[in-house]
Amino acid sequence: MSATADHAEERTNPAARLGFQPGQVVQEIGYDDDVDQELREAIEGVIESDLVDEDYDDVADAVVLWFRDDDGDLTDALVDATTYIEEGGAILLFTPKTGRAGYVEPSDISEAATTAGLTASKSVSVGKDWSGSRLATPKAAKSKR
């Protein structure tokens, strides 16, 4: 694939835009009937394998966290998710868009990310009903599990 095609895919494929790479192990947390199946398939296409579930017992390169307002405490969910990823890994937090059931305020995401020791990027649309935020773990401060 040419460099131009790679850049075009990054613009059109939300999984590529979010930074997923071939060969990554991506753990999925918070799966339910309302998740965006097209996005899940796009992620699996980019990483060239299936997402692993919450029972996966090794470290992952990234975590996909589907989170709705009524799922509990977001800070706790983010802290828990950091235990599943490699040093320097990312958490892709997917929350319902404005006006959808389970919507989470951007200020709540920012506060929870900061409290959990994560660095938040801007929110991006990742589907009809979901927004995504890429949350990075600190490389130096994180200890391996």
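Strand β2, which spans residues 60-66, is mostly covered, with 6 of its 7 residues buried; buried here means under 20% relative accessible area, exposed over 50%, and partly exposed in between, with a 1.4 Å probe and protein chains only. The model is a predicted one, in which local features need pLDDT of at least 70 and side-chain atom pairs count only at pLDDT 80 or more, while totals for chains, interfaces and linings use all residues. Residues are numbered from 1 along each chain as its sequence is written, and side-chain values use heavy atoms, with hydrogens and water left out.

Helices (H or I, at least four residues) and strands (E, at least two) are DSSP runs numbered from the N terminus. On this basis the protein chain has 5 helices and 5 strands, following the pattern α-α-β-α-β-α-β-α-β-β along the sequence. Of its 145 residues, 43% are buried. Among contacts (heavy atoms within 4.5 Å) with a separation of 6 or more, 75% come from residues 24 or more positions apart. The chain exposes about 7900 Å², of which carbon and sulfur atoms supply 46%; accessible areas come from the Shrake-Rupley method with a 1.4 Å probe, and for residues only the protein chains shown count as cover.

The 5 strands form an open sheet of mixed pairing, in the order β1-β2-β3-β5-β4, where two strands pair if DSSP finds at least two bridges between them. β1 and β4 are the edge strands, each pairing on one side only. From one strand to the next, the twist averages 20°; axes are lines fitted to C-alpha atoms, for helices over the stretch in contact, and angles run from 0 to 180 degrees between N-to-C directions.

Returning to β2, this strand runs parallel to β1 (residues 26-29), to which 4 bridges join it, and Q27 stands opposite V63 in β2. β2 also runs parallel to β3 (residues 85-96), here through 6 bridges, with A62 opposite A90 in β3. Two β-α-β units involve β2. The one made by β1, helix α3 (residues 37-47) and β2 is left-handed, whereas the one made by β2, helix α4 (residues 74-82) and β3 is right-handed. A crossover is right-handed if, with the strands pointing away from the viewer, the path from the first strand over the helix to the second runs clockwise. Helix α3 lies across β1, β2 and β3, running at about 175° to β2.

L65 is buried, with a relative accessible area of 4%. Leaving aside neighbours within four places in sequence, the contacts of L65 are I29, A77, L78, I91, L92, L93 and F94.

In α5 (residues 106-115) the buried residues are I109, A112 and A113. Seen down the axis of α5, these buried residues fall within an arc of 100°, so they line one face of the helix; the arc is that of the directions from the helix axis to the C-beta atoms. The face turned away from the buried side of α5 carries the exposed residues E111, T114 and T115. G117, with a positive phi near 80°, follows α5.
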